[in-house]
Amino acid sequence: MAVRSKLRGAISGFGEVAARAHLPGWRTRDDVGIAVVHDPLSARRHEAIRLIKSVRVYDDLGLMLDGESPDFVDIASPPAYHAESVRAALAAGANVIVEKPLCLGVNEFDELAALAAKESRVLMCVHNWKYAPAYAVARKAIEAGRLGEIRFISIDRLRTEPAGAGGSGGQWRASAASGGGILIDHGWHVFYLMQWLLGGDAPAAISAHLEAPADGDAEHLADLRVAFSSGCVARAHLSWRAPVRRTSAVIYGEHGCLEIEGDHVSLTDRKGAVEDISVVDAADDSYHSAWFGAMAADFIRAVAAGPDSPLVRQNLTEARASLALIEAARQSAANGGLAVKIR
């Protein structure tokens, strides 16, 4: 019996997310080897050398792709570099997994998706919150019909400051030119979660109120209302100005109401009976390497199944709709919160 060789993976952009979430996630797999890293910053290349035995490092993505011919590239650079890096990796014949956002615009997305199809390569975005135990158990309850037809979703992400504030992560998040802003950093997660919890229902329109600091151009607060094709209404409040850190959600349907507060999940039926359906999360930190490990497993399955597999199609549908929602939210906010249809 032939022994399957490991897939040869490379990481492009070795910031804290790559070092603390992606690398540990890949290391849970015995069918993947990460021995190549690209980063233009010498300090990050040195960190890769410290963390990965016998790693080969590059300061130029093109040279890495030419010299290494990896089976896949994990792109974890700041958002402004995603499209260029995806384009180069696909053209070099590699499959690609990208930290959110996949890119910064719908037209750009369509170009990259078409290139992936032309090259017969898998292109996926890291939608890691789908693997958070609280949201996974919520999805199972919905699929089991315990809430009935979903009528309302509310998701709040309260933070006291952008992640990585004071470091390089905080710098790109605070700059629109780098692909920053809370819509990209947290709105992306909220938008794909809404679609996923609704079983792939398509968003139809969004209205938004956005605020940016006086000395910045990237939004730090977003209040959003999304109408879905099924008639479900969803809302979200995202803030980097909150006095406390909190992640919560409410989902209700005709039969029951599900509430998520951090890792705690409760389900209340029409008679008022409350059931704790929480699942204990693995010990982790804010980088959620266990969640990325589960995402990586789906990516490897997708590579084996091919670029037209259901895993890839669902992921790209969620990603495109998330981009369309971000673009429409900014248009809505610029027009006083007027609802904008999703294209």
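Rings of Phe, Tyr and Trp (its six-membered ring) pair if their centres lie within 6.5 Å; planes under 30 degrees apart count as stacked, over 60 as edge-to-face and the rest as tilted. By this rule there are 7 aromatic pairs. This is a predicted model, where local features need pLDDT of at least 70, side-chain atom pairs count only at pLDDT 80 or more, and totals for chains, interfaces and linings use all residues. Residues are numbered from 1 along each chain as its sequence is written, and side-chain values use heavy atoms, leaving out hydrogens and water.

**Aromatic cluster**
- Trp 26 and Phe 72 make a tilted pair, 4.7 Å centre to centre with 40° between the planes.
- Trp 26 sits in helix α1 (residues 16-26) and Phe 72 in strand β4 (residues 72-75), so the pair ties together parts 46 residues apart in sequence.
- Helices (H or I, at least four residues) and strands (E, at least two) are DSSP runs, numbered from the N terminus.
- Trp 26 counts as buried at 1% relative accessibility; buried means under 20% relative accessible area, exposed over 50%, partly exposed in between (1.4 Å probe, protein chains only).
- Phe 72 is also buried, at 1%.
- Phe 72 and Phe 299 pair edge-to-face, at 5.6 Å centre to centre and 75° between the planes.
- That pair links strand β4 to helix α9 (residues 289-305), 227 residues apart.
- Ring pairs join Trp 26, Phe 72, Phe 292 and Phe 299 into a cluster.

**Arginine**
- Arg 159 lies in the loop between β7 (150-158) and α7 (168-173).
- Contact means heavy atoms within 4.5 Å; not counting residues up to four places away in sequence, Arg 159 touches residues including His 186, Trp 240 and Arg 245.
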